[in-house]
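Hi,

Here is the structure I promised to pass on. Have a look at it first, and then read my notes below.

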Amino acid sequence: MFQQRVEDGLVLELPTDVRSIEHAVEYVVSRCGGCQDHAARLRLNFRVGLTEALANAMLYGNGRDPSKRVRVEVTLGPDQIRARVTDQGTGFDPAAVPDPTAPENLAKVGGRGLFLMRKLLDEVSFNDRGNQVTLVLRLDAASPLVRGGAQA
Amino acid sequence: MGFQVSRSDGVTLVDVEGQLIVGNRQELKQKVLEHLENGDRKFVIDFSSTGYIDSSGLGVLVSLSKKIREQGGELRLSSLNEDLRTLFELTKLDTLFRITGTRAEALEGF
């Protein structure tokens, strides 16, 4: 894993290898020194959200091609964490992904990654090409674990 | 870190230590399917030592539950912490699995 510290953040270049995801996520979380007051949101929301973004980039974006890489740019601010994940694929249409909680999809093995990102992060946006996702987690004590106030 | 398999009164217990995510889901699948092929039919996957699960981890549980049911068996999940319960509730997978608070409850009447 190539890593570079920049002001208020860091940049990672990952190989397309799903075994690298856990280490990369833990590294990013460890760099957020001021996040300790938001342990639950960091532990669940950010970890799972970033894991999903990296998995999507490697499995679907880069098509598991080990010659392709995934770039992660993280900005650690006083009130939010922003992570931008870019793959080298042709992109996809996020609007075309079906709701995995619909009765006809509930027993399907896949299709929950984007749904979890949207539920667990405060903002999820894609570039026009669909090969770059930006995740934002607000470090606000009033923010619920789950978007929409549906905290379990 | 990893998956520890043991047997208790005819039930196969699998402890998930660490994360259950895209990077290790196949290892869990392989271990459970080996036991299924060897004739085991009652499975409990225990999450008392688990950090977090991603969508791939949830997916492998759905897949294993289906395969076990097809062989006339049952998969129960136990000891999910609040974070993990949140993930199951968000995805509505809590309606698909039998989830118990403790391992002992999972083994009860199995």
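**The largest pocket**

The largest pocket has 31 lining residues, and those nearest its centre are E52(A), A55(A), N56(A), A57(A) and Y60(A). A pocket here is an open set of points on a 1 Å grid over the protein atoms alone, where a 1.4 Å probe fits, with protein on both sides within 12 Å along at least five of seven lines; lining residues have an atom within 4 Å of a point.

This is a predicted model, in which local features need pLDDT of at least 70 and side-chain atom pairs count only at pLDDT 80 or more, while totals for chains, interfaces and linings use all residues. Residues are numbered from 1 along each chain as its sequence is written, chains are lettered from A and ligands numbered from 1 in the order in which they are written, and side-chain values use heavy atoms, without hydrogens and water.

Back to the lining: helix 2 of chain A gives the most to it, with eight residues. Helices (H or I, at least four residues) and strands (E, at least two) are DSSP runs, numbered from the N terminus.

**The chain A fold**

Chain A has three helices and six strands, in the order β-β-α-α-β-β-α-β-β from the N terminus. Of its 152 residues, 48% count as buried, meaning under 20% relative accessible area (1.4 Å probe, protein chains only). Among chain A contacts (heavy atoms within 4.5 Å) between residues at least 6 apart in sequence, 61% join residues at least 24 apart.

Enjoy exploring!

Conventions: Buried means under 20% relative accessible area, exposed over 50%, partly exposed in between (1.4 Å probe, protein chains only).
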